[in-house]
Amino acid sequence: MAAGLMIITAGLAGGLLYKVGCVYEIDKKLFLKINQSKKLDKADFLFQMFYPLGTKWWFTAVILLFAFAVPSKGVYLLASAIVMSLTERLVKIYIKRPRPFLSLTGVFLRQRKRPSDGSFPSGDACRIWFLAVAALFVSHFNFLVTSLAFILALIVSLGRLRLGVHYFSDVWAGSLLGTAFGILWLSY
């Protein structure tokens, strides 16, 4: 439980460092490098194809499936998922960080649906990393399932930058938030 709380703190505090001028410049440069890279053009279909795995609908469906798969921990899984989602939403409402496609020039918005909420933290990264940690337990630490879950989490997370909707610090905070709540669930 302590590890989960420490990861939440590190994720949010580390992500909020974007408010420091020099960190914001690094965050902005990293975002633009990934978003505008010609080398990643051939991978765009991958980011667009797997983007839905971080959405609320996919998350809800998989969480319900996982809850039925492990009935002994199902209620705790649902509770952790709800608390994580509320935490992500409340932080997003409080921080109100503008999306990169709204605050920077030259951004390629590759996501079909244009998000209208704040950028920090990344909800999609938060959800997909929670699912990756949950898959670890639900699959009984099956190497293939776990590897696939974490690879998909990386693709979705990198895709948030490439698709033009999040800075690196948003994804960092969301990823650690989701991982931490997954670890908290495992500690029940």
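Which residues does Phe66 touch, not counting residues up to four places away in sequence? The close-ups below explore this predicted model, and the first one holds the answer.

**View 1. Phe66 and its partners.** Beyond four places away in sequence, Phe66 touches Leu77, Leu131, Ala134, Ala135 and Val138. Phe66 is also one of the three residues, along with Leu77 and Phe130, that touch the most other members of the largest nonpolar core.

View 2. Stepping back from Phe66, we meet a core of 46 residues. Two or more residues come from each of helix H1 (2–16), helix H2 (21–36), helix H4 (56–69), helix H5 (71–95), helix H7 (123–138), helix H8 (143–162) and helix H9 (168–186). H7 gives the largest share, with 10 residues.

**View 3. A nonpolar patch on the surface.** Here Leu64, Phe68, Leu78, Ile82, Leu86, Leu90 and Ile93 come together, with about 730 Å² of accessible area between them. Both H4 and H5 supply at least two residues of this patch, and the largest share, five residues, belongs to H5. Look for Phe68 in helix H4: its relative accessible area is 70%, so Phe68 counts as exposed, the cut-off being over 50%.

**View 4. Arg99, a buried arginine in a loop.** Arg99 sits in the loop between H5 and helix H6 (100–103). With a relative accessible area of 4%, Arg99 falls under the 20% cut-off and is therefore buried. Leaving aside residues up to four places away in sequence, Arg99 touches Lys92, Pro115, Asp117, Gly118, Ser119, Val165, His166 and Tyr167.

Notes
Residues numbered from 1 in each chain as written. Predicted model: local features only at pLDDT ≥ 70, side-chain atom pairs only at ≥ 80, totals over all residues. Heavy atoms only, no water. Core = buried A, V, L, I, M, F, W, Y, C linked by side-chain atoms within 4.5 Å. Buried < 20%, exposed > 50% of the residue type's maximum accessible area, 1.4 Å probe, protein only. Helix = DSSP H or I, 4+ residues; strand = E, 2+ residues; numbered from the N terminus. Contact = heavy atoms within 4.5 Å. Patch = residues over 30% accessible without salt bridge, like charges linked within 9 Å, V, L, I, M, F, W, Y side chains within 5 Å. Areas by Shrake-Rupley, 256 points an atom, 1.4 Å probe, with all protein chains shown as cover. Salt bridge = Lys/Arg side-chain N within 4 Å of Asp/Glu carboxyl O.
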